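The stops below go from one side-chain pair to the whole chain.

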Amino acid sequence: LTPRNDAVSDLNQIALDLFSSAEPMHQLCSTTTISGGSEDDYNNFPVDYLNSLDLPGLPPSVLTLCRGALVILLRNIDYERGLCNGTRCLVINISARVLDVLVLTGKSIGKRAFIPRIPLSPSE
């Protein structure tokens, strides 16, 4: 645990650097939009600027993962299947819209699960 998000990003990068170079890294990019925005909003806040922001409660705009990486769920996805906040998983396969993971904690230990890409927006 770290007190600041920038320290978490640094630690995550160190952990990813420890993986074998034989395992390819996948960068999953988010799409940034301004909901209900006008044309002026898009001109005043370019996508590059919005992607540079590190907002609490939202994942980074670019998430770097590789097979074998450990991930922790930050949202309750499926309570019945044990995919809850804090569940640890091992990434088995990565596709553009779904992560194939092996559940390591909770009531679904040892089961495979598919975690879809979930659109998120900050609370008002």
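**A charge over a ring**

Select lysine 107 and tyrosine 79: the lysine lies over the face of the tyrosine, 5.4 Å from the ring centre. A charge counts as over a ring if NZ of Lys or CZ of Arg is within 6 Å of the ring centre and within 35 degrees of the ring normal.

This is a predicted model, in which local features need pLDDT of at least 70 and side-chain atom pairs count only at pLDDT 80 or more, while totals for chains, interfaces and linings use all residues. Residues are numbered from 1 along each chain as its sequence is written, and side-chain values use heavy atoms, without hydrogens and water.

**The nonpolar core**

Next select Leu65, Val91, Leu99 and Val101, which touch the most other members of the largest nonpolar core, a set of 15 residues. Such a core consists of buried Ala, Val, Leu, Ile, Met, Phe, Trp, Tyr and Cys residues joined through side-chain atoms within 4.5 Å; buried means under 20% relative accessible area (1.4 Å probe, protein chains only). At least two residues of this core come from each of strands S4 (88-94), S5 (98-103) and S6 (112-116). Strands are DSSP runs of E, at least two residues long, and helices are runs of H or I, at least four, numbered from the N terminus.

Stay on valine 101. Beyond its neighbours within four places in sequence, its contacts (heavy atoms within 4.5 Å) include Cys89, Ile92, Arg112 and Ile115.

**The whole chain**

Now colour by secondary structure: 3 helices and 6 strands follow the pattern α-β-α-α-β-β-β-β-β along the sequence. Of the 124 residues, 19% count as buried.

Terms used:
Buried < 20%, exposed > 50% of the residue type's maximum accessible area, 1.4 Å probe, protein only.
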